[in-house]
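Biologist: I have not looked at this one before. Can you put it on screen and take me through it?
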Amino acid sequence: MSKSPLSIVRFRIIFILCWLVMVADHIMVLHFFGLPWQAAIIDSAISNSLLLLACILVMNTLRYYLPRGKQYINIFSICLFLTIIWLLLTKLLLKLALEHYPGYNELLQQSLSIRFSISFLLLGCVTMISILWFNQLEQIEFEERKTDAEKLAKEAELFKLRQQLQPHFLFNSLNSINALIGNRPEEARKMVQQLSDFLRGTIKKEETQWVTLQEELQYLQLYLDIEKVRFGNRLTTAINIDETSFQLKLPALLLQPIVENAIKFGLYDTTDETLIELYASRQENDLVIKVTNPFDPETSSPKQGAGFGLKSIQRRLYLLFARADLLSTDIKENIFTTIVKIPQHNI
Amino acid sequence: MSKIIIIDDEPLARSITKEYLAKHPQLELMQECNNGFEGLKAIQEFQPDLIFLDIQMPKINGFEMLELIEQPPSVIFTTAFDEYAIKAFEAHAIDYLLKPFNQERFDKAIAKWSEQKLSNTAKTTQDLLESASHSPSQNQRIVVKNGTKIKIIPVHEVQYLEAADDYVKIHTAEGYFLKNKTMNHFENTLDGQQFVRSHRSYIVNIQQITRIDPYEKENHVAILRSGIKVPVSRSGYGKLKEVLGL
């Protein structure tokens, strides 16, 4: 809801001054035509008060309903209609109040057309000014919204970049390489290669790109190899892929974050060895991927443990498919399962 | 000879610290530990002078582990945390080594520690913990020692906290646990939208409240789902009303 122009003190004063000038003018004119002062004042007060009400009504209506585009006929008819109502009401009240003055009825009849045209003009002006005012307010609000949206988009992009770089993973991997260089230089060299390939994969792929499960699995393997060097025999993985699903497609860079999430959840929630299992199969028109990790049901509520990683995946799936039911989770004893369905028909 | 313990969940990370440590014959490595639990045991057993401690580790992180030790040893953090995140603890840790780090940087940290030890200006690990407790993961759970066992209490399971001399009683459905902290500490670290200091000696989990009744003049009492009544002072009532949006 936008602010009425009358909410600004300066405009309110101008508006009231104009109205007072109108009232005074009205009295002078009627007196000039031979009406006694008292009658002229009553006449002016009644007609101008009603006119004031009509103006406020128009302003308030436009506050909630602003005509779009070429609806000027509508505005014109509303003004016309309001002026007629105003005229009828004024006439009725004036008659009741001032009938006993000699010659008043004739004066009223004669002046009706002038009263009508002046009021119509004034009401028209107020309407136009209000429309301009509210249009400008709307424009300002629109601009604000636009800058807000742009700011949000920029923040999201920055966040995405930071996520892609994964500083924690990167620095820990570099630290492992640093340790390998001294005693096992061959392995260090291999790990540098894997880390480079992994990072290159992150950078070169667009999030909107579609890849086959086979490609995504190769990329995932790089990641898993690095993590296994980092965590030694605490981390084991088992990958079970249905023959028929290797060529099914999924959005690039989707699988690795899911597995990463499971690994983090598993490794940081238990002190034992962590087995991460990955299953993929075709079910009707969907590629279904399941990733399991162990967790400790006593100390972590899976909601918290699953954490941020899954939320961003859910968001991505929603943006891609406009469906919120593609990511689900399941808990059986101490095993947490993440299930992702990827529809195959609309590729 | 000074006694050293390394606590890190990544074997290669431990091995590089060990390698750098070998250049300092006056430092004796007592044990390498895989996680906070092993770390606790080793610290109790060997009473080390200095520990190298990773922050992100399974089950309990480095800070939570330190909290469970009555007189924590000097600490040098070895972590891949970004600098920004670690800045808060800078003032209180002997030093922190950002992974990956080299021998030179490592030697510097050791020198800093020896210096502080000699001049007896060693920063207390207690101060460090107080500043660490404001990091975001810390307000999701409370780690306590229950006899020899370590108990991790997710904060949503906490019903209310009660002051008890130098300790705070943490009441859950399973009974209460003691933690050597102040009420102010919990008031500051727990999420203010979920935990409200209803009384000088009580902090209550608002999700556990079923109703609030008047109690004597000017006071109130909050009745929890478990039927327990928690005192609410006049100012506490104001805070509760604000959080509950009454």
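Biologist: What is the mean pLDDT of chain B?
Modeller: This is a predicted model, and the mean pLDDT of chain B is 86. In that chain, 87% of the residues reach 70 or more.

Biologist: And what ipTM and pTM does the complex get?
Modeller: The predictor gives an ipTM of 0.74 and a pTM of 0.66.

Biologist: On to the contact, then. How many residues does each chain put in?
Modeller: Chain A puts in 23 residues, and chain B puts in 18 residues.

Biologist: Which element of chain B gives the most to the side that touches chain A?
Modeller: That is α1(B), with six residues. The elements of chain B that give two or more residues to this side are α1 (11–21) and β7 (149–154).

Biologist: What classes of residue are on that side of chain B?
Modeller: On the side of chain B that touches chain A there are ten nonpolar, five charged and three polar residues.

Biologist: Different topic. In what order do the five strands of the open sheet in chain B come?
Modeller: The order is β10-β9-β8-β12-β11, with antiparallel pairing. β10 (175–179) and β11 (195–199) of chain B each have a single partner strand, so one side of each has no neighbour in the sheet. On average, neighbouring strands of this sheet are turned by 25 degrees against each other, direction ignored.

Biologist: How many bridges join β11(B) to β12?
Modeller: Four bridges join β11(B) to β12 (residues 202–205) of chain B, and the two run antiparallel.

Biologist: Which residue in β12(B) stands opposite Val196(B)?
Modeller: Val204(B) does.

Technical notes: Residues numbered from 1 in each chain as written. Chains lettered and ligands numbered in written order. Predicted model: local features only at pLDDT ≥ 70, side-chain atom pairs only at ≥ 80, totals over all residues. Pairing = 2+ DSSP bridges. Axes fitted to C-alpha atoms, helices over the stretch in contact; angles between N-to-C directions. Contact = placed C-beta atoms within 7 Å. Nonpolar A, V, L, I, M, F, W, Y, C, P; charged D, E, K, R; others polar. pLDDT = per-residue confidence, 0-100.
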